[in-house]
Amino acid sequence: MNEKGQLMGVPIKLVMALVIGTMTMGVLMQFVGTAERMVLRDMDVRFTTSSNRLTVKVYDATSGDALGGATVVVKWVGGMKAHTLGTNSNRYTFTIPMNGEDIVVATVQVTHAGYIPWEGQVAVG
């Protein structure tokens with residue numbers, strides 16, 4: 001470096017700007033790569049009831065394709081059941097104990113990797 005603020009004939013401010021710009025671009029590219037991996041999709045969850053049985057069906061909301069591998073949790077006052085669907089299955093039927101009640105309100109929660117968690121309620125009975 002000489003008295004005029006140059007390094008091998010190149011202004012030192014230009015060298016510093018290039019170094020900072022390169023580092024910033026590296027950080028930005030890592031952030032963009034992470035954001036692409038974190039895109040979550042939406043599920044379409046449908047259920048039907050018959051007597052004390054609750055059938056939960058899970059689909060990809062965009063394509064409408066059956067979505068296997070989801071975990072379904074059903075909770076009601078006094079109990080809870082959970083089941084992870086197989087990779088080739090998108091439905092499961094739960095038997096809800098009525099304990100003398102005509103209607104039981106159950107909360108259904110569905111999770112799957114890469115999808116937004118889903119939650120809803122249903123009256124069984």
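Q: What makes E5 and E8 a pair of strands, and in which sense do they run?
A: In this predicted model, 6 bridges join E5 to E8, and the two run antiparallel. Two strands pair if there are at least two bridges between them, so E5 and E8 count as paired. One place to look is Lys-75, whose bridge partner in E8 is Thr-107.

Q: What makes E5 and E6 a hairpin, and what is found in the turn?
A: Strand E5 (residues 71–76) is joined to strand E6 (residues 79–84) by 6 bridges, and they run antiparallel. There are 2 residues between them, and Gly-78 in the turn has a positive phi of about 95 degrees.

Q: Why are strand E3 and strand E7 said to stand at the edges?
A: Let's begin with the sheet itself: an open sheet of 3 strands, in the order E3-E4-E7, with antiparallel pairing. Strand E3 (43–50) and strand E7 (91–95) each have a single partner strand, so one side of each is left without a neighbour in the sheet. From one strand to the next, the twist averages 20 degrees.

Q: What makes strand E4 a partner of E7?
A: Strand E4 (residues 53–60) pairs with E7 over 5 bridges, in the antiparallel sense. The cut-off for a pair is at least two bridges, so E4 and E7 meet it. In this pairing, Arg-53 stands opposite Thr-95 in E7.

Q: Why is Phe-31 called exposed?
A: Phe-31 is found in helix H1 (residues 12–37). Its relative accessibility is 57%, and exposed means over 50%, so Phe-31 counts as exposed.

Q: Which residues form a nonpolar patch on the surface, and what accessible area do they have together?
A: The patch is formed by Met-25, Leu-28, Met-29 and Phe-31, with about 450 Å² of accessible area together.

Q: What makes the phi of Ser-51 worth a look, and is this residue buried or exposed?
A: Most residues other than glycine have a negative phi. Ser-51 is not a glycine, yet has a positive phi of about 60 degrees. Ser-51 is found in the loop between E3 and E4.

Q: How many helices and strands does the chain have, and what share of its residues counts as buried?
A: The chain has 1 helix and 9 strands, running β-β-α-β-β-β-β-β-β-β from the N terminus on. Of its 125 residues, 25% count as buried, which means they have under 20% relative accessible area.

Notes
Residues are numbered from 1 along each chain as its sequence is written. This is a predicted model: local features need pLDDT of at least 70, side-chain atom pairs count only at pLDDT 80 or more; totals for chains, interfaces and linings use all residues. Side-chain values use heavy atoms; hydrogens and water are left out. Helices (H or I, at least four residues) and strands (E, at least two) are DSSP runs, numbered from the N terminus. Buried means under 20% relative accessible area, exposed over 50%, partly exposed in between (1.4 Å probe, protein chains only). Axes are lines fitted to C-alpha atoms, for helices over the stretch in contact, and angles run from 0 to 180 degrees between N-to-C directions. Patches are made of residues with over 30% relative accessible area and no salt bridge: like charges are joined within 9 Å, nonpolar side chains (Val, Leu, Ile, Met, Phe, Trp, Tyr) within 5 Å. Accessible areas come from the Shrake-Rupley method with a 1.4 Å probe; for residues, only the protein chains shown count as cover. A salt bridge is a side-chain nitrogen of Lys or Arg within 4 Å of a carboxyl oxygen of Asp or Glu.
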